[in-house]
Amino acid sequence: MPTKNTNRRNDENPKRIALALQGGGMHGAFTWGVLDRLLEDGRLEIEGVSATSAGAMNAAVLAHGLLKDGADGARQALHDFWQAVSRSADRYNPLRWAPWLKGTHSFGLDHSPLYAFADMMLRVFSPYQFNPSNVNPLREVLESQVDFTLLRKQCPIQLYLCATNVETGKIRIFTGEDVSADAVLASACVPTLFQAVTVDGAQYWDGGYMGNPAIYPLIYHCETRDVVIVHINPLVRRGVPITTAEILNRINEISFNSSLMREMRAVAFVTGLIQQGKIDRGEMKEMLIHSIRADEAMCALSVASKYNADWAFLSELFERGRHEAEAWLMQHYSNIGQRSSIDIRQEFL
């Protein structure tokens, strides 16, 4: 449990950033760790957050905690949320790790007969068949951890939650008075697991299909030029996948990174025009892009682990996130407000 950090380093003028948080199931605990370390450091001010799926959950909880008690409140809120997720899984999730494998690094699901059976059933039956009552334990967790009514009235940051309209295929950005538990659940609605979420008469699936996450709200609406992307889905995975699970997992990673890569292409194009003097700097904003990721660690995790809410596993991802955020702060804090800390063309194009 996080404790109040009385030694937090605070500049007189903290540097302002916007965050872009990807989704990825229980791997979102990595983002929890990143946020915890950035909040603990205290030298950054978060102006806005664009987020999808598990990232949207982190974003809503972050905003709720900031509203309640600043950075310390946000750290505590994130800890309590992920602990509640783990406890909920203990009660509801049939895909818990195999008891006989408890304590092993594999965290069990990869070798669980129950997971293999459930995975097969998900390819045969839709959530409208195996879950006709549309039970979603995440709703209970969200509503118990986040005061959405208060958040809609006085959100301390600009919040943009991404979802995909099932019928039109267009992206929907929930913000301001539209932020609700339904909006977060829509952003995190994996269509093979949950029935589409209805908001204002429209049906929504996971936002990762059209924006994982969307960068353009941060460009248009935030004053800061600095966007820090917290990656969950590896951009690069060496080797050709062989098994069905590996193939489907890589398809999912590529699909959920595609919208981000398209936006980065546009950012690189505009940046090039500005730097070449073809566009006046007063006409368009030159964005500064930063990245916190752990591709090697994420590549080592199987698709099954995205459903693993065991506290030991979530805690390991949390520590990995803190480690990567610490390394990023040490190497790139000075770049904030000055330059991008990644080569956009090399990373995304």
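Reply: Asn-134 is found in the loop between helix 4 (127-130) and helix 5. The model is a predicted one, in which local features need pLDDT of at least 70 and side-chain atom pairs count only at pLDDT 80 or more, while totals for chains, interfaces and linings use all residues. Residues are numbered from 1 along each chain as its sequence is written, and side-chain values use heavy atoms, with hydrogens and water left out. Helices (H or I, at least four residues) and strands (E, at least two) are DSSP runs, numbered from the N terminus.

Asn-134 has a positive phi of about 60 degrees, although it is not a glycine. Most residues other than glycine have a negative phi. Asn-134 has a relative accessible area of 36%, so it counts as partly exposed; buried means under 20%, exposed over 50%, and partly exposed in between (1.4 Å probe, protein chains only).

Helix 5 covers residues 137-145. At its start, a side-chain oxygen of Asn-136 reaches to within 3.0 Å of the backbone nitrogen of Leu-138. Which residues of helix 5 are buried? They are Leu-138, Val-141, Leu-142 and Gln-145. Seen down the axis of helix 5, these buried residues fall within an arc of 95 degrees, and therefore line one face of the helix; the arc is that of the directions from the helix axis to the C-beta atoms. An α-helix has 3.6 residues a turn, so residues three or four places apart point the same way.

Ser-53 counts as buried because its relative accessibility is 6%. Pro-213 lies in the loop between strand 6 and helix 8, and a cis peptide bond with omega of about -10 degrees joins Asn-212 to Pro-213. Met-210 is found in that loop, between strand 6 (202-206) and helix 8 (216-221). Cys-155 has its place in the loop between helix 6 (148-154) and strand 3 (158-165). Cys-155 and Ala-60 are 95 residues apart in sequence, yet their C-alpha atoms are 9.5 Å apart in space.

Of its 349 residues, 54% count as buried. Contact means heavy atoms within 4.5 Å. Among contacts between residues at least 6 apart in sequence, 78% join residues at least 24 apart.

Salt bridges provide examples of such links across the sequence. Side chains of opposite charge can pair when their charged atoms come close. A salt bridge is a side-chain nitrogen of Lys or Arg within 4 Å of a carboxyl oxygen of Asp or Glu, and the structure holds 21 of them. Glu-45 forms one with Arg-16, the closest N and O atoms being 3.4 Å apart. Glu-45 lies in strand 2 (residues 44-52) and Arg-16 in strand 1 (residues 15-21), so the pair ties together parts that are 29 residues apart in sequence.

Arg-75 and Asp-36 meet in a salt bridge at 2.9 Å, N to O. Arg-75 is in helix 2 (residues 54-92) and Asp-36 in helix 1 (residues 28-41), and this pair links distant parts of the chain, 39 residues apart. Is this pair buried or exposed? Arg-75 and Asp-36 are buried. Leaving aside neighbours within four places in sequence, Asp-36 is in contact with Pro-2, Arg-75, Phe-318 and Arg-322.

A salt bridge of 3.3 Å, N to O, joins the side chains of Arg-37 and Glu-40. A network of salt bridges links Asp-36, Arg-37, Glu-40, Asp-41, Arg-43, Arg-75, Arg-322 and Glu-326.

Conventions. A polar contact is a pair of N or O atoms within 3.5 Å; within protein, one must be able to donate a hydrogen and the other to accept it, and residues adjacent in sequence count only if both atoms are side-chain atoms.
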